[in-house]
Amino acid sequence: MARPIKETPTISGKDSIRFQEAMDNLVPFSEEKKESIEQSYQLLKSIATFPMP
């Protein structure tokens, strides 16, 4: 049987401030980076020996 999942602890103090700042200042991936990731995924998908969506 699987073990029960524990609750995620809340963030407090300086960690919460850093986390909020990071969420407010997200930097999106460039189109080149997205293309590189997609090409890597397609390569891995082509050589995988197990079913992938």
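At 76% relative accessibility, K6 counts as exposed; buried means under 20% relative accessible area, exposed over 50%, and partly exposed in between, with a 1.4 Å probe and protein chains only. K6 belongs to the segment before α1, and its C-alpha atom is separated by 24 Å from that of I17, 11 residues apart along the chain.

R3 is also found in the segment before α1 and is exposed, with a relative accessible area of 77%. The C-alpha atoms of R3 and E21 are 18 residues apart along the chain and separated by 34 Å.

## Basis of the report

The structure is a predicted model, in which local features need pLDDT of at least 70 and side-chain atom pairs count only at pLDDT 80 or more, while totals for chains, interfaces and linings use all residues. Residues are numbered from 1 along each chain as its sequence is written, and side-chain values use heavy atoms, with hydrogens and water left out.

## Overall form

The protein has 2 helices and 0 strands; helices (H or I, at least four residues) and strands (E, at least two) are DSSP runs, numbered from the N terminus. Its radius of gyration is 19 Å, whereas a compact globule of 53 residues would have a value near 10 Å. This radius is taken over C-alpha atoms, and the globule rule is 2.2 Å times the number of residues to the power 0.38. Along the principal axes, the C-alpha atoms fill a box of roughly 45 × 45 × 15 Å.

## Surface and charge

Of the 53 residues, 0% count as buried. The accessible surface comes to about 5,700 Å², and 60% of this belongs to carbon and sulfur atoms. Accessible areas come from the Shrake-Rupley method with a 1.4 Å probe; for residues, only the protein chains shown count as cover.

I11, F19, M23 and L26 make a nonpolar surface patch of about 400 Å². Patches consist of residues with over 30% relative accessible area and no salt bridge, with like charges joined within 9 Å and nonpolar side chains (Val, Leu, Ile, Met, Phe, Trp, Tyr) within 5 Å. L26 lies in the loop between α1 (14-24) and α2 (31-47) and is exposed, with a relative accessible area of 60%.

The protein carries 7 positive and 8 negative charges, whose mean positions are 11 Å apart. Lys and Arg count as positive and Asp and Glu as negative, while His and the chain ends are not counted. The place of a charge is taken as NZ of Lys, CZ of Arg, CG of Asp or CD of Glu.

## Salt bridges within the helices

Side chains of opposite charge can pair when their charged atoms come close. A search of the whole structure finds 2 salt bridges, each defined as a side-chain nitrogen of Lys or Arg within 4 Å of a carboxyl oxygen of Asp or Glu. One joins the side chains of D15 and R18, at 2.3 Å from N to O. Both residues lie in helix α1, 3 residues apart, about one turn of the helix. D15 is partly exposed, with a relative accessible area of 43%, and R18 is exposed, with 53%.

Another salt bridge links E31 with K34, with the closest N and O atoms 3.6 Å apart. E31 and K34 both lie in helix α2, 3 residues apart, about one turn of the helix. E31 is exposed at a relative accessible area of 55%, whereas K34 counts as partly exposed at 42%.
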